[in-house]
Amino acid sequence: IDPIYYPAYNINKETAYSQELRLVSPSDGVITYVAGLYGDITREYMNQDQSWNATQLVLGQPSRFRAIQAAVVGPLITQGNNLMGMNIKTFAPYFEGKWHITDDLGFTAGVRYTITNKSGYNNHTGPSFSYGAVPYDIEGLDHTWYEMTPRFILDYHVRPDLMVYASVSNGVKSGGWSFSAPTAALAAQGLAPENNWSYEVGMKGAFFDGRVNTTLALYNAVT
């Protein structure tokens, strides 16, 4: 037991339910596609009790430091509790189609439209060394984000077992709230979504009668 952080505990619980429905076209057409619908419900809960007893840092030190310890013993002992809960609901239809321009050349385009709702609460009771000295209680956090993310791929088969490709895709992580914010104002302010564009070129091939399989890729992400 570390006396500096004792007593302390951290309870985290997460429950998630997800389901996906997909419709796939026949694979022998000039145009092939996949369409689908994804849904997810997640519940998160955190209960963290954080104690900080910094007087233990000077125990056993020479007597001249004990006077300092006695003068500051109050500020050096803190105990706070952080309680938060979050419900996350995600609903995302998507569609991706591929045009087989020739037997060797193909172009893929797809899009995903994601709706994410987050709601919850954030309660800090008592001061905490990590999360600040001002307690707060925020109820009714609720926001919905709408995000459309496309993807494009161009691929070419140099031979049946060797393909080169280039792709551009967009990804977005929905926003939320910081549950370690030191003040109520920062806790209620919220976090903006993170947007990412990814660019990739590469090749996938088999050599020496299939005994060696190789994948090479050059990847760049712009956030």
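**View 1. Surroundings of Leu-141 in the predicted model.** Apart from neighbours within four places in sequence, Leu-141 is in contact (heavy atoms within 4.5 Å) with Lys-118, Ser-119, Gly-120, Tyr-121, Asn-122, Trp-177 and Phe-179. This is a predicted model, in which local features need pLDDT of at least 70 and side-chain atom pairs count only at pLDDT 80 or more, while totals for chains, interfaces and linings use all residues. Residues are numbered from 1 along each chain as its sequence is written, and side-chain values use heavy atoms, with hydrogens and water left out.

**View 2. The largest nonpolar core.** Twelve residues form this core, among them Leu-141, Trp-145, Trp-177 and Phe-179. A nonpolar core is a set of buried Ala, Val, Leu, Ile, Met, Phe, Trp, Tyr and Cys residues joined through side-chain atoms within 4.5 Å; buried means under 20% relative accessible area (1.4 Å probe, protein chains only). Strand 5 contributes the most to this core, four residues. Strands here are DSSP runs (E, at least two residues), numbered from the N terminus.

**View 3. The largest pocket.** A pocket is an open set of points on a 1 Å grid over the protein atoms alone, where a 1.4 Å probe fits, with protein on both sides within 12 Å along at least five of seven lines; lining residues have an atom within 4 Å of a point. The lining comprises 13 residues, and Lys-118, Ser-174, Gly-175, Gly-176 and Trp-177 lie nearest the centre.

**View 4. The second largest pocket.** Of its 15 lining residues, Thr-32, Val-34, Glu-96, Lys-98 and Thr-108 are the closest to the centre. Strand 3 (77-100) is one of the strands that supply at least two lining residues, and its share, four residues, is the largest.

How values were computed: Buried < 20%, exposed > 50% of the residue type's maximum accessible area, 1.4 Å probe, protein only.
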